[in-house]
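Trainee: Could you walk me through the salt bridges here? I'd like the cut-offs along the way.

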Amino acid sequence: MTFGEHLEELRGALVRAGLGLVVGLLIGCYFGNNVVAFIQTPLIRALETYYQEQSLIDIRQINGTVTPEQAAALIDWDMVFELVYVEKDALRRLILDETATDISALPIFQPADPAANQSAELTAFAQTIAALQRVQSRLPAHLRGEFQWRVDQPAASLDRFGELILGIHKLLRQPDLYTPAAFPGLSEEMRSQGQKLSTLTPYEVEQFNRRILVAAYPRLAAHYRPQLSPMLIWRSVKNDNRLKPKSLNVQEGFMIWFQASLLLAVVISSPWVFYQLWTFVAAGLYPHERSYVYIFLPFSLGLFLLGASTAFFFVFDPVLEFLLDFNRSLGIDPDPRINEWLGFALLLPLGFGISFQLPLVMLFLQRIGIVTVEMYLEKWRIAILVITVLSAVLTPADPYSIFLLMIPLILLYFGGIGLCMLWPKTRRDGAGF
């Protein structure tokens with residue numbers, strides 16, 4: 001064939017390969033959503049386990065133990081919880097108004113006697129008002145008229161408790177609340193800080209005012225805070241928003257879908273693409289050289305698929321469990337991005353697939369005379385060291401992924417020695433193969 005005929009043959013092979021890739025892309029776009037869901041499966045499974053274990057830890061910290069009902073919710077029903085705080089009074093009124101339930105049966109509302117609760121609330125409220133009156137009497141003149149409370153009708157005043165709380169918080173934001181006469185007996189450090197209120201931020205002013213009020217009138221801080229009780233809100237772990245990988249911009253979801261579709265297109269069309277390229281290359285090879293390609297190509301493809309499958313089905317789970325547990329030990333909650341996860345989910349199987357080509361590389365080096373079987377056997381310790389370094393480079397370098405890649409590669413190394421011994425170099429191979 002002339003050089004022009006070779007170029008024409010190459011052009012035809014590339015065009016046919018390109019058409020195959022386009023057909024594969026069309027198929028990949030149709031199944032793109034399924035591919036994205038499939039790639040997320042190991043991550044979502046690991047996050048479910050992580051948050052269920054975290055819920056178990058949180059319950060033990062809250063209650064000191066886990067009841068059988070809570071264990072059943074976590075393990076049998078696959079649920080997690082969120083810890084919230086509710087106001088006892090608001091919840092009690094809601095139950096009485098809507099269900100007329102006897103609240104004495106609910107341990108959260110102790111003491112069960114509503115009259116006793118009312119009396120305690122009125123006493124606390126009266127003490128709060130008395131403390132505020134003492135504060136009001138010492139306020140600067142321009143603030144006295146704005147902050148006045150009376151205790152002439154305690155029951156009626158109790159209904160205005162929320163208004164009183166807002167008033168206190170408004171008081172805390174006053175930059176000129178502090179005067180030495182209004183707050184005597186403060187520490188030297190607090191008095192010094194009070195002289196510099198004009199240089200503080202609004203947040204720092206509020207924190208300083210809170211400190212001087214608590215220091216001067218401890219009863220005030222003790223009684224204006226609402227009565228809160230912890231409550232666990234349960235939901236199915238599969239409906240937990242924390243399990244859904246996040247995208248940080250509007251186009252990221254589309255790009256992930258397109259990349260997943262393109263990945264599937266490459267996988268589907270690769271046999272056709274390789275065949276077209278092979279038809280062009282084979283025309284320039286001798287018959288015995290073609291026979292090697294017919295053996296090596298399927299063997300290489302099988303090893304690559306074996307390595308990628310090993311990473312996806314056997315390595316992801318322990319690696320993710322280790323990484324998430326490490327986050328927990330640092331007090332960091334995971335919030336994975338779908339784009340970063342896709343890169344990780346493709347990089348690890350790719351590293352495993354390439355690494356699993358080790359037996360073929362060993363056979364190739366033995367065939368061209370660079371290394372002999374005896375050298376492979378003699379230098380096995382150095383080979384294991386190189387495999388360990390290679391495992392750290394081709395993985396995220398956590399102990400699990402390094403170990404789970406290193407062990408198969410060591411086995412493949414000795415398998416490569418066996419392959420070289422079972423397929424000895426013949427005279428027909430000549431100087432090369």
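Trainee: How many salt bridges does the count come to?

Mentor: Keep in mind that this is a predicted model, where local features need pLDDT of at least 70, side-chain atom pairs count only at pLDDT 80 or more, and totals for chains, interfaces and linings use all residues. Side-chain values use heavy atoms, with hydrogens and water left out, and residues are numbered from 1 along each chain as its sequence is written. A salt bridge here is a side-chain nitrogen of Lys or Arg within 4 Å of a carboxyl oxygen of Asp or Glu. By that rule, the count is 7.

Trainee: Which residue forms a salt bridge with Glu 53?

Mentor: Helices are DSSP runs (H or I, at least four residues), numbered from the N terminus. Glu 53 sits in helix α2 (residues 32-63) and its partner in helix α13 (residues 287-329), 275 residues apart. The closest N and O atoms are 3.8 Å apart, and the partner is Arg 328.

Trainee: Is Glu 252 buried or exposed?

Mentor: Buried means under 20% relative accessible area, exposed over 50%, and partly exposed in between (1.4 Å probe, protein chains only). Glu 252 has 4% relative accessibility, so it counts as buried.

Trainee: What is the N to O distance in the salt bridge of Glu 252 and Arg 337?

Mentor: Glu 252 lies in helix α12 (residues 252-282) and Arg 337 in the loop between α13 and α14 (338-355), so the pair ties together parts 85 residues apart in sequence. Their side chains meet at 2.9 Å.

Notes:
Helix = DSSP H or I, 4+ residues; strand = E, 2+ residues; numbered from the N terminus.
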